[in-house]
Amino acid sequence: MSKKAMVVGISGGKHGGNTDTLVRIALQECKNSGLETRFVNLSSKKILPCTQCGECKKRACPIPDDAGEVLRLLEEADGIIVGSPTYFANVSSHISLLMERSLPLRRQGFRLRNKVGGAIAVGGSRNGGQEFVVRAIQNWFTLHAMIVVGDDGPTAHFGGIGVGRDPGDVDTDETGINTARNLGKHVAEMVLIIREQLPQAKKQK
Ligand SMILES: Cc1cc2nc3c(=O)[nH]c(=O)nc-3n(C[C@H](O)[C@H](O)[C@H](O)COP(=O)(O)O)c2cc1C
């Protein structure tokens, strides 16, 4: 196996906010397992809505913004961890726009196929809709033919789920931090298993 496996962490929260914190914690676990990691916060990226022009059935998306660079990173990765703040029990628009614009990766040979996906959500309230956010992210993984994992035991639920309103709040959310850690470990474990079992050539369809 040539280059090291890599996991990219995407945050759809504000710079230095709670989502960044939990995504970075999950990535640290991937690093601890020997994987390379990259981190991207989408809030400073310009990503426009999909216009459904149909061009991506034949060629690259013609919209001139930052989506292409993020999509290239996703394509390069073996594992993808997506974190979003909970906004009205849904993902933030940064995440929603990235989801829309990922259409070429699906249309052009399922380029995210068999990559491992883990989801993280943070909300200001304890039952603020984080599980809906995690599910929305996991739905996106599924439509890309990815392999979805949740946080591993001993927490073992749906992914990383944090409670915090202002930046820094999740620093004291021990349960949330543990779910993010266990998610990172699980993603790393599956990435290593899949790399062992599936040669690169068989990943795309
Ligand atoms: C527009 C908006 C909608 C929100 N909706 C919810 C919500 O439905 N449930 C919830 O628990 N928190 C909600 N929040 C709180 C954020 O999820 C919370 O502040 C989160 O920590 C922000 O993440 P960040 O620090 O990574 O940006 C909302 C915040 C904003 C600005």
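Modeller: Contact means heavy atoms within 4.5 Å. By that rule, and setting aside residues up to four places away in sequence, Leu 42 touches Ile 10, Ser 11, Ile 47, Val 70, His 94, Ile 95 and Leu 98. The model is predicted: local features need pLDDT of at least 70, side-chain atom pairs count only at pLDDT 80 or more, and totals for chains, interfaces and linings use all residues. Residues are numbered from 1 along each chain as its sequence is written, and side-chain values use heavy atoms, with hydrogens and water left out.

Biologist: Where is Leu 42 placed, and what makes Leu 42 count as buried?

Modeller: Leu 42 sits in the loop between β2 (36-41) and α2 (67-76). Helices (H or I, at least four residues) and strands (E, at least two) are DSSP runs, numbered from the N terminus. Buried means under 20% relative accessible area, exposed over 50%, and partly exposed in between (1.4 Å probe, protein chains only). Leu 42 has 1% relative accessibility and therefore counts as buried. The C-alpha atoms of Leu 42 and Gly 13 are 7.6 Å apart in space, although 29 residues separate the two in sequence.

Biologist: Why is Asn 41 called buried, and which side chains make polar contacts with the side chain of Asn 41?

Modeller: Asn 41 belongs to strand β2. Its relative accessible area is 5%, so Asn 41 is buried. A polar contact is a pair of N or O atoms within 3.5 Å; within protein, one must be able to donate a hydrogen and the other to accept it, and residues adjacent in sequence count only if both atoms are side-chain atoms. The side chain of Asn 41 makes such a contact with the side chain of Asp 20 at 2.8 Å, and another with the side chain of Ser 43 at 2.5 Å. Beyond four places in sequence, Asn 41 is in contact with Ser 11, Gly 13, Lys 14, His 15 and Asp 20.

Biologist: What makes the pair Glu 76 and Arg 38 a salt bridge?

Modeller: A salt bridge requires a side-chain nitrogen of Lys or Arg within 4 Å of a carboxyl oxygen of Asp or Glu. The side chains of Glu 76 and Arg 38 meet at 3.6 Å, N to O, and form a salt bridge. Glu 76 lies in helix α2 and Arg 38 in strand β2, so the pair ties together parts that are 38 residues apart in sequence. Glu 76, at 39% relative accessibility, counts as partly exposed, as does Arg 38 at 32%.

Biologist: How many salt bridges does the structure hold, and why do such side chains pair?

Modeller: There are seven salt bridges in the structure. Side chains of opposite charge can pair when their charged atoms come close. Another example joins Glu 55 and Arg 59 at 2.5 Å, N to O. Glu 55 is partly exposed at 24% relative accessible area, and Arg 59 is partly exposed at 46%.

Biologist: What is the distance in the salt bridge of Arg 101 and Asp 65, and why are Arg 101 and Asp 65 called buried?

Modeller: Arg 101 and Asp 65 meet in a salt bridge of 2.6 Å, N to O. The pair links distant parts of the chain, 36 residues apart: Arg 101 is in helix α3 (residues 93-101), and Asp 65 is in the loop between β2 and α2. Arg 101 is buried because its relative accessible area is 5%; Asp 65, with 16%, is buried as well. The buried residues of α3 are Ile 95, Leu 97, Leu 98, Met 99 and Arg 101. Their cover includes β1 (6-11), α2, β3 (79-85), α4 (103-107) and α5.

Biologist: Why is His 144 called buried, and what does the side chain of His 144 join in a polar contact?

Modeller: His 144 is in the loop between α5 (130-143) and β5 (147-148). Its relative accessibility is 4%, so His 144 counts as buried. A polar contact of 2.8 Å joins the side chains of His 144 and Ser 102. Residues touched by His 144, beyond four places in sequence, are Ser 102, Leu 105, Arg 106, Phe 110, Leu 112 and Arg 113.

Biologist: How many residues surround the ligand, and which polar atoms lie at what distances from ligand atoms?

Modeller: The ligand is surrounded by 17 residues, of which the closest are Thr 19, Thr 86, Gly 128, Gly 164 and Arg 165. A residue is near a molecule if one of its heavy atoms lies within 4 Å of it. A ligand oxygen is 2.9 Å from a polar backbone atom of Asn 18, and a ligand oxygen is 2.6 Å from a side-chain N or O atom of Thr 19. A backbone N or O atom of Phe 88 lies 2.9 Å from a ligand nitrogen. The protein covers 78% of the 640 Å² of accessible area that the ligand has on its own (Shrake-Rupley method, 1.4 Å probe). Both α1 (18-32) and β4 (116-123) supply at least two residues of the shell.
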